[in-house]
Structure formats: C-alpha cells, structure tokens
Amino acid sequence: MRIAIAGAGNVGRSIAQELIDNGHQVMLIERQPRMLRPDRVPAADWVLADACELASLEEADLAGCDVVVAATGDDKVNLVVSLLAKTEFAVPRVVARVNRAENEWLFTEQWGVDVAVSKPRVMAALVEEAVTVGDLVRLMTFRQGEANLVEITLPPTAPYVGEPLRAIPLPRDSALVAILRGKRVLVPTPDDPIEAGDELIFVCTAEVEDAVRTVVLGADSVERTRGQR
C-alpha cells in the first residue's frame, strides 16, 4: 500500500519504519525543517510541507494513497488532515492519533476519521486485557463502521469451554477473528474447541457487546461484572 503519514516526530517515524518493514511504501509529511530527518527512516519519502494546506497535499499526490495517518502531536492538525484526506482526496482509510483524551469525541467519521487511536485508551485497554478474566474488554473502536475490537479471556466456568466454536450461538454483527492461546495465535474454524484461559478476539458493534458477553460468559455475566465496577 501507499501510505502517507502527517507528522515526522517519534510516533510518525516509528509507524513509518514498521510499515516499511512490512513492505509498504511510506511518505512522511513534516512542516518543521528541524524535524526533517531522512536518515532516521531512509526508506521513506520525505516531504517538507504543511499537511493542513490543500495545495501541499495535492503536490504530494495524497489522492494516490491507500491510507493516511494523522500522527502529529496536535489534535487540531490531526482533525484537519483527516477531514482533507477524506473529503478532498477520497482516501479510503484514515487513521488519526488522539493526543488529549478529552478530544476523543471529535474524532468521528464527520471529521473523516475511520480509526481513532487514543494512547490513554489503548494503555488502559492493555492493562485491562492483561489482568481481566471473565469480562469483555474493548481494545479499539473503528469509528466509520461503529464497530469495536473486543477481547474476552475465558474463565474455567465459561459455558462453552471444551465445546467447538460451531456450538456457540454468537449474535449477528459479531465475529470471532482470533484465538490467543499461550504464545500461539489461532485462526478460528468451526471445529476448534475453546479452552479455559483462551483470549477470544471479536469484532462487533457496540449494540451487541452485552449479547456477546452473555453468550460467551453466561447469562449472569453482564450483571455480575457491572456489579464489580
């Protein structure tokens, strides 16, 4: 894919290097000359420009990108970049960094954002994921489709432990996308049994999260876990 990243600070450079290592073509857009450090990510295309200026984005051929990542340290800039990428250049996928948690509500599809990544939320989710068994933990929100990436670590008392996946009546608008078992990542098939300690990764809408929790953890799981909070 051809990917443009607005902001060449530590976050932008780290994202760029990882994407390049995965075989993608990356363009880093940075407006401050002192932050232009091609030696840090030599395989990227470096552009000295203001990503909030339409003419600069046209010159950089943003319309030819598959993904735009707004990764600056300024939420206002990230919102403007996202909006321009989506509305002026019809970029299929826009990912935006949220720097201040109180601004997270702004990062929606109305501003052109498909996926908003908030570091405080991600850190909190990772902490919850590491210590929580028997509850649903939201890892990430995909704004455009109003879908969430959620995780459930199965306790031994879960009703379908030992049963094949085909036996689990998951609600509509939900899908099990991966099973983490120890150090293994399993692509689920209907015949795979689930085990206590499995981390089940789902994509589902917010409306069916409670239904997923109820099916996977038992009918009293919603009331039980809410009572512990």
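User: Is R213 buried or exposed?
Analyst: This is a predicted model, and in it R213 counts as buried, at 6% relative accessibility.
User: What does R213 form a salt bridge with?
Analyst: With D135, and the closest N and O atoms are 3.0 Å apart. D135 lies in the loop between α4 and β7, while R213 is in helix α5, so the pair ties together parts that are 78 residues apart in sequence. D135 counts as buried too, at 9% relative accessibility.
User: Which residues are linked in that network of salt bridges?
Analyst: D135, D210 and R213.
User: How many salt bridges are found in the whole structure?
Analyst: The search finds 10. One of them joins the side chains of K86 and D114, at 2.7 Å from N to O. K86 sits in helix α3 and D114 in the loop between β5 and β6, so this pair ties together parts 28 residues apart in sequence.
User: OK, new topic. Which residues of α1 are buried?
Analyst: G12, R13, A16, L19 and I20. They're on the same side of α1 because they cover an arc of only 130° around the axis.
User: And what covers them?
Analyst: The cover includes the strands β1, β2 and β3.
User: What about the face turned away from the buried side?
Analyst: That face of α1 carries the exposed residues N10, E18 and D21.
User: What follows α1?
Analyst: G23, and its phi is positive, near 95°.

Methods:
Residues are numbered from 1 along each chain as its sequence is written. This is a predicted model: local features need pLDDT of at least 70, side-chain atom pairs count only at pLDDT 80 or more; totals for chains, interfaces and linings use all residues. Side-chain values use heavy atoms; hydrogens and water are left out. Buried means under 20% relative accessible area, exposed over 50%, partly exposed in between (1.4 Å probe, protein chains only). Helices (H or I, at least four residues) and strands (E, at least two) are DSSP runs, numbered from the N terminus. The arc is that of the directions from the helix axis to the C-beta atoms. Contact means heavy atoms within 4.5 Å. A salt bridge is a side-chain nitrogen of Lys or Arg within 4 Å of a carboxyl oxygen of Asp or Glu.
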